[in-house]
Amino acid sequence: MATIRDNSETIPAIGIDLGTTFSVVSKLDRAGKPVTLVNAEGDLLTPSVVLFDGDDVIVGREAWKAVAGEADSVALCTKREMGHPVYHKNFQGKQYPPEVIEAWILNKLRRDMSTQIGPFSKVVVTVPAYFDEVRRKATQDAGYMAGFEVMDILNEPTAAAIAFGYHEGYMNADGRPERPQRILVYDLGGGTFDVTVMEIRGDRYIARATDGDVQLGGYDWDQRLVDLVAEGFIREHYADPREDPLIAGKLWRECEDAKRTLSVRGKAAVACDYRGFSSLVTVTREQFEEATQDLLDRTRFTTVQTLSAARLGWEQIDRVLLVGGSTRMPMVRRMLQELSGKEPDSTVAADEAVAHGAALHAGLLLAKSQGRPATFKIKNVNSHSLGVVGTDPQTKRKRNGILIPRNTPLPVSAKRTFRTQKANQQSILVQVVEGENPSPDDCTTIGRCSVRRLPPDLPRRAPIDVLFQYQTNGRLKVRVTVPDSDVKVETEFTRENALPKEHLDGWRRHISGEGPTEYR
Ligand code: AMP
């Protein structure tokens, strides 16, 4: 089935699914088949959990176990906070940027896997399709600080579609689908939800529309179950176990487990001890589904919207592909079946598909770098509109002037001409935002592009062209030119909340022990 080769004797093709709750690493074997690597504990899935234990930083299963007794020292669901300046909790009096905590997770994966396959640095890391530019940049920085060279970041649903294509034998020239296959990828993980309409056309994987919610995932279902159990406990003992963070951490672990039970059984019992009272609270699947119906409805709404953004009806969708551990909940499958009239497809392994797709993409990039032909191509769309902040001449209010609307095929460029406000102006400042809202306050500021050292003696209202380029992976480049002038303009794109290069290098040395000079 496989036609992608392990690309070199020395450089392995590695893909990493850096998940909100679990992370997975995959490598192409010699036949070009993606396989999941096990971590030092022998597990395929590594909990994306970090424990700050004195001077030690412990990642994975042991950190996950510590949630029950040392919740204050544990960082959970850090991926949800990417793009924020710091993680919401402090550890031993220190607050860390979320990407630094993510770097510790990646570093464990790097260390664990290199004991099996030897040292490696080139990787592809996946991100939710709905991640904005700031979060994408933070993910790339996390990879750098972990000692990696991140060759590319790849959208999770695209990765899942690639894994699916591989599974179906589409990577071989003679195995390609005869007519385009349209797939709706419904990806409900631990902390994020993504839905993407993909089209497989010969060797091309084309995203048609994408949407999602970076604050919705299995974790929210867990919390609802915690509430159900806590309410049962309160009815019996008039005490709320959620008040004590340590008990709440333990309860959450128990409930996450019970949630899995409810995927296969009609009821689950959760033990809870608090203030000398103890109870075994039983929750039925029906109660659980009722308590979480609104969460599921949010995914349903987004799914319907995405299909309409792709200008397609269900009859034009060939498969509904389930990705992410939370799609194991029967309510998800049932809802999608009712909505689409099709049996949802779980042919790709829900937990591993994304990492497998990432490894296939890594193999492709390595092959390309060695001058070998590509076995598939990716076409992506932007998940958020890109705009610049301007002033409405009538209302004098600031507003978001959209330059590149969402769901535009990438790569794409857009040019905007700004004009100097006075003669001999030295600089201009451009604020770049992502989002759909006309008010910039409701959008995400990606950064500011300050154009300094404009050519001297420019008249008032002299044009300055700013070119925005969205790359295929959703990252942005900004270039500035002054028309009719050969004077080069220096551009500085200062990113909101991004760590400066010297901090990244410092963290890289601290976390991975690799200095920038050893950067390969
Ligand atoms: P992922 O990020 O794709 O690894 O998904 C992790 C999420 O899937 C976590 O919230 C898990 O609790 C959830 N999950 C895994 N297995 C099951 C299951 N059998 N039933 C319900 N949820 C599950």
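Within strand E2 (residues 22-28), Ser23 is the bridge partner of Leu18, strands being DSSP runs of E with at least two residues, and helices runs of H or I with at least four, both numbered from the N terminus. Strand E1 (residues 14-18) and E2 pair in the antiparallel sense over five bridges, where pairing requires that DSSP finds at least two bridges between two strands. A hairpin of three residues connects E1 to E2. E1 is also joined to strand E8 (residues 122-127) by three bridges, and these two strands run parallel. Ile14 stands opposite Val123 in E8.

The model is predicted; local features need pLDDT of at least 70, side-chain atom pairs count only at pLDDT 80 or more, and totals for chains, interfaces and linings use all residues. Residues are numbered from 1 along each chain as its sequence is written, and side-chain values use heavy atoms, with hydrogens and water left out.

E1 is largely enclosed by the rest of the structure, because five of its five residues are buried (buried, under 20% relative accessible area; exposed, over 50%; partly exposed, in between; 1.4 Å probe, protein chains only). Ile14, Ile16 and Leu18 point one way from E1, and Gly15 and Asp17 point the other way.

A disulfide, defined as a pair of cysteine sulfur atoms within 2.5 Å, does not occur in the model, the count being zero. Cys255 is buried, with a relative accessible area of 0%, and its sulfur lies 8.2 Å from the closest cysteine sulfur, that of Cys272, which is too far for a bond. Cys449 likewise has a relative accessible area of 0%; the cysteine sulfur closest to its own is in Cys443, at 18 Å, again too far for a bond.

Five cavities of 30 Å³ or more are present. A cavity is a set of points, on a 1 Å grid over the protein atoms alone, where a 1.4 Å probe fits but cannot get out, and lining residues have an atom within 4 Å of a point. Points are joined across faces, edges and corners, and volume is the space filled by probe spheres set on them. The largest cavity holds about 70 Å³, and its lining includes Gly83, Glu99, Arg495 and Asn497. Helix H3 (residues 133-145) supplies the largest share of this lining, four residues. The lining divides into three nonpolar, two polar and five charged residues (nonpolar: Ala, Val, Leu, Ile, Met, Phe, Trp, Tyr, Cys and Pro; charged: Asp, Glu, Lys and Arg; polar: the others, Gly among them).

The second largest cavity has a volume of about 60 Å³. Of its 14 lining residues, Phe131, Arg136, Asn382, Ser383 and Gly474 are the closest to the centre.

Methods
On a 1 Å grid over the protein atoms alone, a cavity is a set of points where a 1.4 Å probe fits but cannot get out, and a pocket is an open set with protein on both sides within 12 Å along at least five of seven lines; lining residues have an atom within 4 Å of a point.
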